[in-house]
Amino acid sequence: MAEEHGCYWCQKWDKEIAHIYPKTDEGRAAPLQRYDLRAVTPEVEFKKRVSFTPTFILVKDGKEVGRIEGHPGEDFFWPMLQILFKEANIPFGNTG
């Protein structure tokens, strides 16, 4: 997750989802790693530059395989994340 100090939408994601995420199948399959957009960039081969916060980047074998830019709200975040998993062929949960 790319974030930056003072990001309203990052704070909203933290309030709505951050506490739930590690308890989910998605969170166990792709543990959240945060980095400050204005600090050192993680060693990931990005498809394109990260410009917005929050940006959720799904990584497989050190390469970006999908992303969600911005926080679409709790009702849309989970389905969008599940689509990323499916497109990247990353199994999670009982439905894999």
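A search of the whole structure, which is a predicted model, finds eight aromatic pairs. For this count, rings of Phe, Tyr and Trp (its six-membered ring) pair if their centres lie within 6.5 Å, with planes under 30 degrees apart counted as stacked, over 60 as edge-to-face and the rest as tilted. One of these pairs joins Trp13 and Tyr21 in a tilted arrangement, with 6.2 Å from centre to centre and 55° between the planes. Trp13 also pairs with Phe56: the ring centres are 5.0 Å apart and the planes stand at 45°, so this pair is tilted. The pair of Trp13 and Phe56 links distant parts of the chain, since Trp13 belongs to helix α1 (residues 8-18) and Phe56 to strand β3, 43 residues apart. Trp13, Tyr21, Phe56, Phe77 and Trp78 form one aromatic cluster.

**Basis of the description**

Residues are numbered from 1 along each chain as its sequence is written, and side-chain values use heavy atoms, with hydrogens and water left out. Because the model is predicted, local features need pLDDT of at least 70 and side-chain atom pairs count only at pLDDT 80 or more, while totals for chains, interfaces and linings use all residues.

**Overall architecture**

The chain contains three helices and four strands, where helices (H or I, at least four residues) and strands (E, at least two) are DSSP runs numbered from the N terminus. From the N terminus on, the order of elements is β-α-α-β-β-β-α. Along the principal axes, the C-alpha atoms fill a box of roughly 35 × 30 × 20 Å.

Of the 96 residues, 39% count as buried; buried means under 20% relative accessible area, exposed over 50%, and partly exposed in between (1.4 Å probe, protein chains only). Among contacts (heavy atoms within 4.5 Å) between residues at least 6 apart in sequence, 48% join residues at least 24 apart.

Lys60 has Lys63 in β4 as its bridge partner. The two strands form a hairpin with two residues between them, and Asp61 in the turn has a positive phi of about 55°.

**Burial of selected residues**

The relative accessible areas of several residues discussed in this report are collected below.

| Residue | Relative accessible area | Class |
|---|---|---|
| Trp13 | 0% | buried |
| Cys10 | 3% | buried |
| Tyr21 | 7% | buried |
| Cys7 | 8% | buried |
| Thr53 | 14% | buried |
| Glu3 | 18% | buried |
| Pro42 | 31% | partly exposed |

Phe56, like Trp13, is buried. Although Cys7 is buried and Cys10 is buried, the count of disulfides (pairs of cysteine sulfur atoms within 2.5 Å) comes to zero.

Glu3 is placed in strand β1 (residues 2-3). Its side chain makes a polar contact with the side chain of Arg34 at 2.8 Å. A polar contact is a pair of N or O atoms within 3.5 Å; within protein, one must be able to donate a hydrogen and the other to accept it, and residues adjacent in sequence count only if both atoms are side-chain atoms. Beyond its neighbours within four places in sequence, Glu3 is in contact with Cys10, Arg34, Tyr35, Asp36, Leu37 and Thr53.

Thr53 lies in the loop between β2 (35-36) and β3. The side chain of Thr53 makes a polar contact with that of Glu4 at 3.1 Å. With residues up to four places away in sequence not counted, Thr53 touches Ala2, Glu3, Glu4, Cys7, Trp9, Cys10 and Leu37. Its C-alpha atom is separated by 25 Å from that of Asn89, 36 residues apart along the chain.

Pro42 and Leu32 are ten residues apart in sequence and 13 Å apart in space, C-alpha to C-alpha.

Glu16 belongs to helix α1. The side chain of Glu16 makes polar contacts with the side chain of Lys12 (2.8 Å) and with the side chain of His71 (2.8 Å). Leaving out residues up to four places away in sequence, Glu16 touches His71, Gly73 and Glu74.

How values were computed
Two strands pair if DSSP finds at least two bridges between them.
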